[in-house]
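Visitor: I'd like to learn how to read helix packing in a model like this one. Could you walk me through the features one at a time?

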Amino acid sequence: MPPPCARAYTPLPEDTRSALRDLAVQAGIHPGSAVETLARQVEAYIKQAAVYDIAAPRQPAQEDFAVYFLTEGKRGWCMHFATAAACMLRALDVPARYVSGYVCTV
């Protein structure tokens with residue numbers, strides 16, 4: 001049985017999982033590789049798949065955010081890149097989550 005974090009941080013809609021896993025395999029990323037290897041490969045793939053652009057247009061509401069960003073939009077800012085990476089890692093059965101924000105201590 002997988003550890004609790006694997007169950008908590010790997011779910012995705014099946015269409016999203018399948019599309020992102022297919023993209024990963026097409027990019028030469030091999031499911032089942034060591035987690036560190038997968039993380040580096042996903043990072044490299046996403047860096048070359050899209051361009052950082054704070055003026056990127058809004059994505060269509062009916063499209064999956066991560067899949068659309070990597071396959072059609074190909075422009076975005078840090079939220080796009082981080083979401084796509086977390087979702088692709090989940091599609092490869094690597095527990096991942098996207099967190100945003102900051103904490104201010106006085």
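Guide: Let's start with axes: they are lines fitted to C-alpha atoms, for helices over the stretch in contact, and angles run from 0 to 180 degrees between N-to-C directions. Helices (H or I, at least four residues) and strands (E, at least two) are DSSP runs, numbered from the N terminus. This is a predicted model, where local features need pLDDT of at least 70, side-chain atom pairs count only at pLDDT 80 or more, and totals for chains, interfaces and linings use all residues. Residues are numbered from 1 along each chain as its sequence is written, and side-chain values use heavy atoms, with hydrogens and water left out.

Visitor: At what angle do α2 and α5 pack?

Guide: About 90 degrees, with the axes 8 Å apart. Angles under 35 degrees count as roughly parallel, over 145 as roughly antiparallel, 65 to 115 as roughly perpendicular and the rest as oblique. So α2 and α5 are roughly perpendicular to each other.

Visitor: Which residues in α2 and α5 meet?

Guide: Contact here means heavy atoms within 4.5 Å. On the α2 side you have Arg17, Leu20, Arg21, Leu23 and Ala24, and they meet Cys87, Met88, Arg90 and Ala91 in α5. For classes, Ala, Val, Leu, Ile, Met, Phe, Trp, Tyr, Cys and Pro count as nonpolar, Asp, Glu, Lys and Arg as charged, and the others, Gly among them, as polar. The contact of α2 with α5 then has 6 nonpolar, no polar and 3 charged residues.

Visitor: How do α3 and α5 pack?

Guide: Helix α3 (residues 35-49) and α5 pack at about 140 degrees, with their axes 10 Å apart, so the two are oblique to each other. As for handedness, a crossing is left-handed if the near helix is turned anticlockwise from the far one by less than a right angle, and right-handed if clockwise. The crossing of α3 and α5 is right-handed. Leu38, Ala39, Val42, Tyr45 and Ile46 in α3 meet Phe81, Ala84, Ala85, Met88 and Leu89 in α5. By class, that contact has 10 nonpolar, no polar and no charged residues.

Visitor: And what is the angle between α4 and α5?

Guide: About 110 degrees for helix α4 (residues 65-73) against helix α5 (residues 78-91), with axes 9 Å apart. That makes α4 roughly perpendicular to α5. Phe65, Ala66, Phe69 and Leu70 in α4 meet a set in α5 that includes Met79, Phe81 and Thr83. The contact divides into 9 nonpolar, 2 polar and no charged residues.

Visitor: Is Thr83 buried or exposed?

Guide: Buried means under 20% relative accessible area, exposed over 50%, partly exposed in between (1.4 Å probe, protein chains only). Thr83, placed in helix α5, has a relative accessible area of 16%, so it counts as buried. Not counting residues up to four places away in sequence, Thr83 touches Phe65, Ala66 and Tyr98. For contrast, look at Asp22 in helix α2: at 43% relative accessibility, Asp22 counts as partly exposed.

Visitor: What about the nonpolar core: which members touch the most others?

Guide: The general idea is that in soluble globular proteins, nonpolar side chains tend to be buried together. A nonpolar core is a set of buried Ala, Val, Leu, Ile, Met, Phe, Trp, Tyr and Cys residues joined through side-chain atoms within 4.5 Å. In this model the largest one has 25 residues, and Leu20, Ile29, Tyr45, Leu70 and Met88 touch the most other members. Helices α2 (14-26), α3, α4 and α5 each supply at least two residues of this core, and α5 gives the most, with 7 residues.

Visitor: Where does Val42 lie?

Guide: In helix α3, and Val42 is buried, with a relative accessible area of 1%. Leaving aside neighbours within four places in sequence, Val42 is in contact with Ile29, Ala85, Met88, Leu89 and Leu92.

Visitor: One backbone check to finish: which phi does Lys74 have?

Guide: Most residues other than glycine have a negative phi, and most peptide bonds are trans. Lys74 has a positive phi of about 55 degrees although it is not a glycine; look for Lys74 in the loop between α4 and β2 (75-76). Asp93, in the segment after α5, also has a positive phi, of about 65 degrees.
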